[in-house]
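Thanks for coming, everyone. Please bring the structure up on your screens, and we'll walk through it piece by piece.

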Amino acid sequence: MELFFQQVLNGLTLGSIYGLVALGLTLVYGILHVPNFAHGALYMVGAYVSYITMVDFGVNYWVAMLLAAVAVAVLAVLCERLVFNPLRDAPPIHDKIAAIGIMLFLEALVQMQWGAEFRRMPTPYTEILDIAGMTIPAQRVLIIAGAFSLMAVLHLFLKKTMTGSTIVAMAQNREGAFLVGIDANRVAMMTFAISGALAAVGATLFAPINLVYPAMGHLLIMKAFVIIILGGMGSIPGAIVGGLIIGFAEAFGGFYISTDYKDIIAFALLVVILSIKPTGLFSKGVH
Amino acid sequence: MNALTKISNFLMTPAMKMVMIVAALLFPFVASNEYQIYVMALAFVWAIAVYGMNIITGLCGQLNLAHGGFFAIGAYTLAILTVDHGWAFWPAFIAAGAVGALLGFLVGVISLRLKEHYFAIFTLCVGFIIYLLLDKWEELTHGALGIINIPAPSGFGLVDFTETTPFYYLALAFMVLSIWLASRIAHSLLGRTFLAIRISDDLAASLGINLMRNKVLAFVLSTTYASVAGALYAGMVRFIGPAEAEVTHTFDMITYLLVGGIGTLMGPLLGTLAITWLTQSLQFLEEYRMIVFGPMLVVLVIFFPKGVVGSFLAWRGRRLAAAHDANTAKQAAVSKTSTDKTPATSTQEAGNHA
Amino acid sequence: MLKIHNLTKRFGGLAAVNNVSIEFEANKINAIIGPNGAGKSTFFNLVAGAMAPTEGRIEYQGMDITGMACDRIARLGIARTFQTTMLFDQSTVLDNLIVGHRLRTQSRLWDVIINSKRLRDEEKKCRARAQEVLDFVGLSHIGHRITADISQEEKKRVAFALALATDPELVLLDEPAGGINPEETENLAALIRKMVDHGVTVCLIEHKMDMIMSLADKIMVIDHGEKIAEGTPDEVKNNPLVIEAYLGSDEDAAA
């Protein structure tokens, strides 16, 4: 039973990080219909910014997280301005290839600067908590609490603020948004900034129990894509629920089936689901 | 007719093809060392796979990100059959193509029901599954160790394909065959059918084209190309590991395709050769090549989405059209003044020969 | 020629097309009008097979084609154009049209590999058909041009030609005169009439009222997914329901 709850905890940890990353991805997709293959690289850059500022400059964990969020948000906006905006009317293959180009560039750049070796990110929260007979590393609690509070903040932002509701409006109906005079450029930049910041925070939360290296975003971005396909591309609750589904599937699959193949579970799930329902699990199937 | 026009016309003639083939045949004699021949042969092998990608992505418009995975499947099929099961090279080679086609069919039937982005993401995942399986399924694939001592293609006692130069000619022969078939397809009704799907699924369906059947056909063709290229690669390098299935190879091939000209006939070859030699001459770049390739991909899709060959064809097409218009105008003027002039030859040979 | 019985298409709870029945006669110009978002395009998509209806039946030349796939419907002789013209910009106009006759050919991969006689004959046939429809729409003089370089009106004509290359008996035109000037609209109307004179039945969606009123033999008006009127231009023009639908919405009212 204890082992079972341990897996629940693992699933929650994984699921909350997956959800956070998938949220950024799904927001960008909802607004611009760009599958941003570079999102995993943004996540990786976020981890590196936190790592460097903490290790090389001795900055506090939370300040480092904030710096990473700002830096990656700026980077994401730059990508939008310099790459995705010019490709707005290009054939659909082009923006995907450009996103891949950005990803390859960022990874190679980081690798050239800091090498390919694995690094461990320090965290001030190393104690092990003992809750109801279960041993829980504090960082995991932090991840779950941090990720879910960030989701809550994002939800409030989208629902309660003017800027947030413009983003939602544009995600729902792009032409309509133009008609009522929404500044599409501003919304696009805003969305990319949020998506980048979410990735950076996710990376800073998750990296201490994982490792930091140039290819760390690869698997994550692919899983995030699986999640938003499961949850319906562009859907915010879908990203969170999808993230949890994959998180739990991996935690339990890895434990009860095979650790070797736990990374395949998400993709196998995707193949099975798309074979049965080509438009994804929660899509409304309008087109 | 100025020099530029003459050159551009010559580039389109069958004579140009002969020039290229002769140049390729002579290359081993002018190469300054064996390594150059080796690099060229390797480039030919990759070019075959890129032609496959051009069929599904260039002609049919579906971005297949599992292409590198199918290349690896070809390589592994050959390696497993020859090393672990004692098959001779050529039967294993044919089996590799067949396995690529069969798996391509299975993956295609599922994935091609998905549109655009979904298809790209799905194939990215398929590529990753292939990589994970090659890496983890040790009983079948030898896992992370890879497979060593793969035999070279059998020369039936006539030639020795473990030598670089004979293998070079073998790779050249396969590449020429691949280009020949690709050109047959591209210029036929079948190629036009694929192209209609690239423009839009809705348009193609409204023209009575069965989307699923044609997309699956294009996909199977492309995976067959990839796995044949992979099998040749295994016979050339003679050692393979799970890294062959890494998605970077797919991205490399996209770069080749984009530089040369996506959807054109000579583009894949030109792009593959140009980038291969560029990376060779910038050896220090090998590991960090993506610092250059990444931004290059972005710049290409924004500013030169047609690539070298595509831009050339567009330029030439416009010139031909302008010449044709000028001709017609002249004829009209001439026929007004005097009625018994023979009309000039028409320029209706427009640009679909490159 | 085309009989529609109680056609309904619902998205979620919303009915985009609601219980529409109508009959279109052969060799006539039939028009569908209605305010924006009235369900005209959905109606077209249902007839062309791009979507399956929720309820109802579509009968074409006595055959039930309800829910049939797009490509099969095209092979039965229903062709269509789209609001936005979709053509391959990088090749010549003539090259764009050759694929139009593909559905009347049989060649497969094997024919391509061995370059069979069947393939060569069929390619000749497709090319000839492309030239024919190009002449028909009056564009034979620009067949050699790169498609990216021709005008908007010419592109519309090429799209017509592409539809005609499939040898259709019924052509669905989705806003053929969208984005072109009045004089060009006039010419396009003449072309539509010419199509009917050559035995093709036309069914079109259009916003330009003066064009519809002078062109159509029969008009169906839809509003909020429901048929509110049908008849000759004169009958429709004087129908109080139609006047109300148009005045009620912010649509630029009839001519």
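Chain C splits into two domains in the assignment, with bounds taken from an automatic or database domain assignment. Domain 1 covers 1-77 + 168-255, and domain 2 covers 87-166. Their C-alpha centres lie 27 Å apart. Where they touch, 10 residues come from domain 1 of chain C and 10 residues from domain 2 of chain C. Contact here has a cut-off: the C-beta atoms of two residues, placed from the backbone, lie within 7 Å.

Which elements give two or more residues to the domain 1 side? They are α2 (70-76) and α7 (182-197) of chain C. Helices are DSSP runs of H or I with at least four residues, strands are runs of E with at least two, and numbering starts at the N terminus. The top contributor on that side is α7(C), with three residues. By class, the side has seven nonpolar, one polar and two charged residues. Nonpolar means Ala, Val, Leu, Ile, Met, Phe, Trp, Tyr, Cys and Pro; charged means Asp, Glu, Lys and Arg; the others, Gly among them, are polar.

A word on ground rules. This is a predicted model, where local features need pLDDT of at least 70, side-chain atom pairs count only at pLDDT 80 or more, and totals for chains, interfaces and linings use all residues. Residues are numbered from 1 along each chain as its sequence is written, while chains are lettered from A and ligands numbered from 1 in the order in which they are written.

Now the sheet in chain C. Four strands form an open sheet in the order β2-β1-β4-β5, with antiparallel pairing. Strand β1 (residues 2-11) and strand β4 (residues 55-60) of chain C run antiparallel, joined by five bridges. C:His5 stands opposite C:Arg57 in β4(C).

Helix α1 (residues 40-48) of chain C lies across β1, β2 and β4 of chain C. The helix runs at about 65° to β2(C). For such angles, axes are lines fitted to C-alpha atoms, for helices over the stretch in contact, and the range is 0 to 180 degrees between N-to-C directions. Is α1(C) enclosed or open? Eight of its nine residues are buried, so α1(C) is largely enclosed by the rest of the structure. Buried means 20 or more other C-beta atoms within 10 Å of a residue's own; exposed means 12 or fewer, partly exposed in between, with C-beta atoms placed from the backbone. Among the buried ones are C:Phe43, C:Phe44 and C:Leu46. Next after α1(C) comes C:Gly49, with a positive phi near 90°.

On to chain B. In all, 31 residues of chain B are in contact with 35 residues of chain C. On the chain B side, α8 (164-187), α9 (189-199), α10 (201-206) and α15 (307-337) each give two or more residues. That side has 16 nonpolar, 11 polar and four charged residues.

How confident is the predictor? Chain B has a mean pLDDT of 87, pLDDT being its confidence in each residue, from 0 to 100. Over residues 339-354 of chain B, pLDDT stays under 50. Where pLDDT is low, the predicted coordinates should not be read in detail.

How values were computed. pLDDT = per-residue confidence, 0-100. Pairing = 2+ DSSP bridges.
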